Amino acid sequence: MTGQGYRGFLRQLSAGSTAALLLPPYPLLDEREMVIGRDPNCQIILEPTLYISVSRRHAAIRPFHSLSNGLPRWEICDLNSANGTYINGQVLRGCQVLQAGDRIELGQDGPVFIFECQFSPSSTPRYSPPPEPTNVIAPAQMPMTRASMAGHHKKKPDSVTFTQLFPIASTGQDLHQKAFLIPGVLTVVFVVLMFAAVGQPLVFNLLLAGYLAGAASFFVYRLCGKPKPWLVLIGCAATTGLILASPLLQLFIFIFREVLPGEVPKQGEMVSLATLFIRMFFGTGLMEELLKALPLLGAFLIGVLLPSPWRERVGLWEPLDGILLGTASAVGFTLLETLGQYVPEIINDATLQVGVADNSQLLENGQLLGLQLLIPRVLGSVAGHMAYSGYFGYFIGLSVLKPRSCVPTLVIGYLCAAILHALWNATGYVSPVLLAVVGTLSYALLAAAILKAR
């Protein structure tokens, strides 16, 4: 038997089907690799608008010949895809030799392919695009594979298996990969800690703010679809917090609010909307967006110095890296600003407004107002600080990816983020309706940048 009579195929499961309906096969070549992805130059092209979780060049199927019998075999290699490749539910790390019936999934809940192989008297065909989906091969004509044979085992009707009675016995791996097990465990931990902190407002506020910030970050992280170590993101947020607590903040305030026309209006001061916007543009937009971008510069410089693969994990090399690090920096800024400035201020104002600082009822009212401020500020950061900094981070990553155009790219991104930030602050003095419009626009721009980066 020669390699000319041995053929390999990839057959995609139809979208949205739970009955394992198979589409026409993609014949595999035995002389060169075939790349699967959304890029038009791939050999197996997936619809970009339908499979947004698939990378442009997601995975490659590479042929090789067995030394024992000379027959061709194939291996699959992940091409540093954003959402990973899974073989029979297991994460693919590097390359793996394919066996008949292997189930290939491009990203969690992404498109699924079945690897098939068979002997044929005809020679191996050259690759050609699959026929239209209307010409679906009838089940009787499909070659029997490990996956299809599994359904032919005889069992008694209406019988209940052990794994059906105890689902956790067969879904352990999927619990970690698809059921958000770690976020669920962290939620339980935070709930227990918050129960223990009842009666201790400072600790309770810290725990609640940390949990809400983590939930907002996880939402953006999943939307980006690119793995980035959480320790790196937490470190980026912590770095921003340290910058705010350092003398560097006073230097920024001096430059943007005293040298430049960015003086923040004092309580009760009446200014026009145009004047208010200009002040906010310099005093909050330009100042705070530049401050939050400093950890991103640090991540880029650290990544340059590290060897691979740490340089890719830690560093900033493309727009998705910039978005993830930018939103993480914004989380650190929001937490310190909320817990260190706004919440204490509103508590003090509530307890001192009638000159009775030791009244327990007034103190409780102040703490309640602080809690009511904390929740919307932290959750709203998705359409606020995280949106501005993530959007600027997209441009920072784009400038790294395309260094020849880095200066205009950075300038445009910086100005856009500062304008959005200034609009949010200025409209907050005018109308809650305008504030909602600006917040929606900010989130829409962040989401569009994420989708474009992916």
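This presentation covers salt bridges, a surface patch, a pocket and some loop residues in the structure shown above.

Good morning. The model is a predicted one, in which local features need pLDDT of at least 70, side-chain atom pairs count only at pLDDT 80 or more, and totals for chains, interfaces and linings use all residues. Residues are numbered from 1 along each chain as its sequence is written, and side-chain values use heavy atoms, with hydrogens and water left out.

Let me begin with the salt bridges. A salt bridge here is a side-chain nitrogen of Lys or Arg within 4 Å of a carboxyl oxygen of Asp or Glu. How many does a search of the whole structure find? The search returns ten salt bridges.

I shall present three of them. In one, the side chains of R62 and E33 meet, with 2.7 Å from N to O. This pair links distant parts of the chain, 29 residues apart: R62 is in strand 5 (residues 59-65), and E33 is in the loop between strand 2 (22-27) and strand 3 (34-37). Helices (H or I, at least four residues) and strands (E, at least two) are DSSP runs, numbered from the N terminus. R62 is partly exposed at 28% relative accessibility, and E33 is partly exposed with a relative accessible area of 28%. On this scale, buried means under 20% relative accessible area, exposed over 50%, and partly exposed in between, with a 1.4 Å probe and protein chains only.

The next pair is K228 and D321, whose closest N and O atoms are 3.1 Å apart.

In the remaining pair, the side chains of R257 and E288 meet at 3.9 Å, N to O. R257 lies in helix 7 and E288 in helix 8, so the pair ties together parts that are 31 residues apart in sequence. R257 is partly exposed, at 23% relative accessibility, whereas E288 is buried at 6%.

A nonpolar surface patch of about 480 Å² is made by L248, L251, F254, I255, V259 and L260. Patches are made of residues with over 30% relative accessible area and no salt bridge; like charges are joined within 9 Å, and nonpolar side chains (Val, Leu, Ile, Met, Phe, Trp, Tyr) within 5 Å. Accessible areas come from the Shrake-Rupley method with a 1.4 Å probe, and for residues only the protein chains shown count as cover.

I turn now to a pocket. The second largest pocket has a volume of about 1500 Å³. Its lining comprises 44 residues, of which V264, M280, Q341, Y342 and Y429 lie nearest the centre. Which helix gives the most to this lining? Helix 10 does, with nine residues. At least two lining residues each come from helix 7, helix 8 (273-305), helix 10 (319-352), helix 11 (360-379), helix 12 (385-401) and helix 13 (406-427).

A pocket is defined on a 1 Å grid over the protein atoms alone, as an open set of points where a 1.4 Å probe fits, with protein on both sides within 12 Å along at least five of seven lines; lining residues have an atom within 4 Å of a point. Grid points are joined across faces, edges and corners, and a volume is the space filled by probe spheres set on the points.

Finally, some loop residues. G225 lies in the loop between helix 5 and helix 6 and is buried, with a relative accessible area of 10%. The C-alpha atoms of G225 and S81 are separated by 9.6 Å, although these residues are 144 apart along the chain.

Most residues other than glycine have a negative phi. N80, however, has a positive phi, near 55°. N80 lies in the loop between strand 6 (72-78) and strand 7 (85-87) and is exposed at 76% relative accessibility. Phi of N88 is also positive, near 55°. N88 is placed in the loop between strand 7 and strand 8 (90-91) and is partly exposed, at 40% relative accessibility.
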